Amino acid sequence: MIHQLRLFFIALQFFTRIPIPHWVGFEPAWLNHASRYFPLVGVVVGAIGAAVYFISAHWLPAPVAAVLSTAATIYLTGAFHEDGFADTCDGLGGGMTKERALEIMKDSRVGAYGAIGIVCMLGAKLAALATLPPLTAIGALLLAHPLSRLAATSLIWQMEYARAEGKAKPLAVRMSSAEFGIATLTVLVPALALLAIGLLDLAAIGAALFAALLATRWLARTFTHRLQGYTGDCLGAVQQLAEVAIYIAVLATLGRSALA
């Protein structure tokens, strides 16, 4: 159990700015197995984002609460996943070959595809959160962060790493089914808890699962075709697209279409 706790703290340190206890220590081999707790890190980030939304919504309109909540989660993660999303947009948008796409994705500068992609993605995220009823938005935040990270983790479980080296290379050791099962469990438990307390109903959770799966499979097929694998940026792209897809799917179950 101490080793599992250590792996969780290693994942928390890698994916967020949250400080971890000094006794944890670090060995490169531990990072190979820490990805099983990527969704559990999402539980922590989602809880903080939901808390910021809940507190803000007591004094401010929903759009402002959505902005503050999103800003808090971006700060917590150091825009780690948003940066990966933007780099992936640039690489796939501007690279006609695998080599050129990977070269563009390594460039720290943001191009037109990345800038347009990040604006559209954040706009969709904020619009969906601002439109959801406050308690439903809190439930969506608590579900979307771990579930979207499980979606990203599925690439590590099923795909090959596309680079010979990279920041995510230590995480790129193929996950076992048992490790992916642990990751899945850390999403299933909060999803059932949200259903039990009534923050989300079965239709919303089912729609969120379907949307996350659809976004993940589409991106996985794209990465396989264009890159013959995934990179750390691809993991960020999957997490961000799946998160947005979950918010939109939950919103769609409320029947608030623009033409209604």
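Helices (H or I, at least four residues) and strands (E, at least two) are DSSP runs, numbered from the N terminus. The model is predicted, so local features need pLDDT of at least 70 and side-chain atom pairs count only at pLDDT 80 or more, while totals for chains, interfaces and linings use all residues. Residues are numbered from 1 along each chain as its sequence is written, and side-chain values use heavy atoms, with hydrogens and water left out.

**Exercise 1.** Locate G84 and decide whether G84 is buried or exposed.

Solution. Step 1: G84 sits in helix α5. Step 2: buried means under 20% relative accessible area, exposed over 50%, and partly exposed in between (1.4 Å probe, protein chains only). Step 3: the relative accessibility of G84 is 2%, so G84 counts as buried. Step 4: G84 and T153 are 69 residues apart in sequence, and their C-alpha atoms are 14 Å apart in space.

**Exercise 2.** Find the place of W59 and state whether W59 is buried or exposed.

Solution. Step 1: W59 lies in the loop between α3 and α4. Step 2: its relative accessible area is 70%, so W59 is exposed.

**Exercise 3.** Describe the largest cavity and the second largest pocket.

Solution. Step 1: on a 1 Å grid over the protein atoms alone, a cavity is a set of points where a 1.4 Å probe fits but cannot get out; a pocket is an open set with protein on both sides within 12 Å along at least five of seven lines; lining residues have an atom within 4 Å of a point. Grid points are joined across faces, edges and corners, and a volume is the space filled by probe spheres set on the points. Step 2: there are 2 cavities of 30 Å³ or more. Step 3: the largest cavity holds about 40 Å³, and its lining includes T73, H81, H145 and Q239. Helix α11 gives the most to this lining, with 3 residues. Step 4: the second largest pocket has a volume of about 350 Å³. Of its 18 lining residues, L147, L150, F180, T184 and L209 lie nearest its centre. The elements giving two or more residues to that lining are α8 (134-158), α9 (177-197) and α10 (202-227).
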